[in-house]
Amino acid sequence: MQNVKGTYDYFGREQAIRQKVRSTLSELFELYDFESMDTTLLNELELLTSKYAGGDEILREMYQLTDQGGRQLGLRYDLTIPFAKVIALNPGIEFPYKRYEIGKVFRDGPVKKGRLREFLQCDADVVGIAGPQGEAELMQLAAEAFRRLEIPVILKWNNRRFLGEILTAVGVPAEEHLSVMLTLDKLAKIGSRGVLAELEGKGVAPAAVSTLAELLDMDAPSFEELEENYGLGGQPGALEVLALQRLIAAVGLAETCVFDPFLSRGLSFYTGTVYEIFDASGAYTSSLGGGGRYDSIIGKLVGREDIEYPTVGISFGMESIMALLGERAVRVETSGVLVIPVGECMPQALTAAAAIRAAGIRTAVDTGKRKLKKTLAAANTKGIRYVILVGESEAAEGKLRLKDMSQQSEELLTVEEAIAKLAG
């Protein structure tokens, strides 16, 4: 008996960390006025394999199945395509519409640290805002989320339309843009030599490869340098970069959000801004999140390219975040109280626990079978602050002994008094 490769069961401290991350993000989404959504795990294969969906690499990793009615189905491999389906099927949704979803997705790909076959994904998307406001608000949300999780990050961002304008300027034909972008996106992994070798292998014109080599030799070129060097002032992509750059600076995110002209991300449906989030220390190399603008996908999926669905989203790499936090000495506090029956006082302990739970306070009842010293030590290890002892003397007085583990103090109180103390 064993788990399927790339799948895990979570419990104890690990599950507590996962719950902490989920609750932190959910609370933040609500503060930013995002609405919760649950999309279907099972989807029509035709939707998931649409040429406007995830791209060839993801489709190779998709789990496919046939139901008893002979229908061709697939398990969702991300939360974006099912979300686009919801928007397409519900034309009455009022825009701008902001949603978030935290749920499992499935990919039959290689298993490595931070990359599983059944994993949790967390997306936030905004439909109906065409300008840079959508991107800037999601960047604010991401910065605040990682601040709350105590993970210093760098958010690298670019604009695919602007990158396409650069490629046109250096002589790369439009039909080769996507292929070249995907190679440039590997710069951090394979270096400039690897990028140039791959471009040559793809048959990119030697003159264009030579000009791109000069571009790669530039030390972190700024938007202004690129705009001037390639004469891109006034181009649509350049204007989009400029507008977002000004907004990022105005909201105080310039140090966290860094422009990277080679970033393009692997998915083919991005139309403008793209971004990816990394551990600022560089110790953890896997991406902690990413996203971008995908204005065309919803209209294309429903065959209505004449309708505008300006959309921008962000996806948090939940498994990577949890793997990173799992390596740290994160103390998970256990809220609530432990009631310990001493001697033959289980009925009184259960009665007290019921009253405390009725007040909305998480309560556990010990078996009373271990030595008291060991039980208290275990409670302290789990981070339980309050313990209630119910022994024969307490039961005779109709009271409880409330012990504060952090202050090493105790009081003899009535149930009502103990609840007031715990609630305070």
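The buried residues of helix 4 pack against strand 2 (42-44), helix 2 (45-48), strand 5 (97-106), strand 6 (118-127), helix 12 (297-301) and strand 11 (311-316). Please keep in mind as you look around that this is a predicted model.

Which residues of helix 4 are buried? They are T80, I81, P82, F83, A84, K85, V86 and I87. Helix 4 covers residues 80-89, and because eight of its ten residues are buried, it is largely enclosed by the rest of the structure.

Let us move on to helix 5, which takes part in two of the features described here: a helix pair and the lining of a cavity. Two packed helices are described by the angle between their axes and the distance between the axes. For helix 5 (residues 133-148) and helix 11 (residues 236-250), the angle is about 40 degrees and the axes are 9 Å apart. Their crossing is right-handed. On the helix 5 side, the contact is made by Q133, E135, A136 and M139, while helix 11 brings L244, L247 and I248.

Now for the empty space. Rolling a probe the size of a water molecule over the atoms shows where such space is left. How many cavities of 30 Å³ or more are there? The count comes to one. The largest cavity has a volume of about 30 Å³, and its lining is made up of M139, A142, A143, F146, V153, L155, T256, C257 and I277. Helix 5 gives the most to this lining, with four residues. Strand 7 (153-159), like helix 5, supplies at least two.

| Group of residues | Nonpolar | Polar | Charged |
|---|---|---|---|
| Lining of the largest cavity | eight nonpolar residues | one polar residue | no charged residues |

Finally, take a look at R357, which lies in helix 14 (residues 346-358). Is R357 buried, partly exposed or exposed? R357 counts as partly exposed because its relative accessibility is 43%. Leaving aside residues up to four places away in sequence, R357 touches T363, A364 and V365. From R357 to G336 the distance is 9.5 Å, C-alpha to C-alpha, and these two residues are 21 residues apart in sequence.

Notes: Residues numbered from 1 in each chain as written. Predicted model: local features only at pLDDT ≥ 70, side-chain atom pairs only at ≥ 80, totals over all residues. Heavy atoms only, no water. Axes fitted to C-alpha atoms, helices over the stretch in contact; angles between N-to-C directions. Left-handed = near helix turned anticlockwise from the far one by under 90°. Contact = heavy atoms within 4.5 Å. 1 Å grid on protein atoms, 1.4 Å probe; cavity = no way out; pocket = protein on both sides within 12 Å on 5 of 7 lines; lining within 4 Å. Points joined across faces, edges and corners; volume = space filled by probe spheres on them. Nonpolar A, V, L, I, M, F, W, Y, C, P; charged D, E, K, R; others polar. Buried < 20%, exposed > 50% of the residue type's maximum accessible area, 1.4 Å probe, protein only.
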